[in-house]
Amino acid sequence: DILPQAATPMTSSLTVLGYGNNEATVELFNKDDLADIKAEHDTFINIRDKKLRASLAKVQATRGALTSQLEEQVRQSVDISMQTQPALPYYELYEQIAQSPLLAQIEQSDKGVVHTINAESPQAIAAELQCYVGSEGSNSIITKSAQLKLNIPELKELRVVDTPGFNDPVASRSQRTLDFLHQCDVIFVVSPSSQFLTDADFRLIIHALQKQSISKIYIIASKADTSMVSDVADKNSHLFEASLESLHHDIETMLSDCVAHKDFLKQSLQGAPIFICSSTCFSLARKIQAGIALSENEALVLRNLSSIYPTAFSIPESTVQSLGQLAGIDAVRQAISEVRSHKDAIIAERQAAFVHTWRKEIDGYLTYLQQQLVASKEQFDQTELAQLQSASTDLQAHKDELSFELRFAFDQCFDSFKTNLS
């Protein structure tokens, strides 16, 4: 367990786990990030203060002198009305940032602040990382991204990403997510089975597909234990395997319905492999087999599953087997193994696609240049001909004029000569 666990996300920065020698690099906000956040923070305050002054003046005009109690009621009413302001997240964020012990260090640094953590084990890294990504971490609020390299064999040729998505009030964190997605060849999208493929999930997938570098997408419906204690149990007479199969069918139907009217996504997601998973059940099975004490949350999950599916969780052997089925980790591992085995082919295919795309771009540009040259030559030729024709017309006109003048002068001379002879 490296990142903090909770019912709601506890990491708002982009956090990347990869294979390495137990080290972490943490990048904090820079001065530009803080300036952007503070500008929106100040906008919120200005709007709120303006509303408050107007509301106080209105109440005073109708009720006379303001009591402290009445003024507080007006203030609370204005605060409630400000909850829909777009700048609210920035206000709340900067109010927390102002309490950070590293704020002064960031403000004084022109190059940004990066902290490096080295430890002897992944567990030690996790402990030191809490102050940057934990819900109570003193530096969590100002962390932009964290890159972890852990000596865990399962992470070889694989990176696990905890992304803040694209609703982050800090634009640079959303951009960091986008930049990372465009480096990926294959992605596993993890979405809670109880809130499967939300609009935020689709936005992430769309951003990932825009660069056309993703060769395949796998869908993981996580936290399946929470969905198994819902009405799916009642629909299947509390039979564990029937309920699990029904949940899988429901997830597939939801995916199909979601992409039915989205042509851009249909080609990439229709028929995409779907896995039903529960990391809690995986941890439960492992701890029960090893005789390790369960956490409070794990014990609660096990009690709920046992009460709803008593047959499947009647004895330790069947309990571990059922937990393994619901965990779904073996299927995910198999998919990752297949991706690893096709890594060279995937990279070669991507490189070929890249070369093909650029070849088309270059060919198109060369064709464009050739067309421009032909057009320029024709324009030059036409312009030169027009100029020659114009010059010829001018010469002819000048010739006619000179001929007239010359004939007139000749006639005058001839008449004069004729008169003189007479």
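1. A residue counts as buried when its relative accessible area is under 20%. Leu197 has a relative accessible area of 4% and is therefore buried. The model in which this value was computed is a predicted one.

2. Leu197 also deserves attention for its backbone. Its phi is near 50°, a positive value in a residue other than glycine. Leu197 is located in the loop that runs between strand S6 (186-192) and helix H7 (199-210).

3. Asn22 is likewise a non-glycine residue with a positive phi, here near 55°. The loop holding Asn22 lies between strand S1 (14-19) and strand S2 (23-28). With a relative accessibility of 6%, Asn22 falls in the buried class, because the cut-off for that class is under 20%.

4. Helix H1 covers residues 31-63, a run of 33 residues. At 1.5 Å a residue, H1 should span 48 Å, and the 47 Å between its end C-alpha atoms agrees with that expectation.

5. Just after H1 comes Gly64, whose phi is positive, at about 85°.

6. Which residues of H1 are buried? They are Asp33, Leu34, Ile37, His41, Phe44, Leu52, Leu56 and Val59.

Terms used:
Residues are numbered from 1 along each chain as its sequence is written. This is a predicted model: local features need pLDDT of at least 70, side-chain atom pairs count only at pLDDT 80 or more; totals for chains, interfaces and linings use all residues. Side-chain values use heavy atoms; hydrogens and water are left out. Helices (H or I, at least four residues) and strands (E, at least two) are DSSP runs, numbered from the N terminus. The expected span of a helix is 1.5 Å times one less than its number of residues. Buried means under 20% relative accessible area, exposed over 50%, partly exposed in between (1.4 Å probe, protein chains only).
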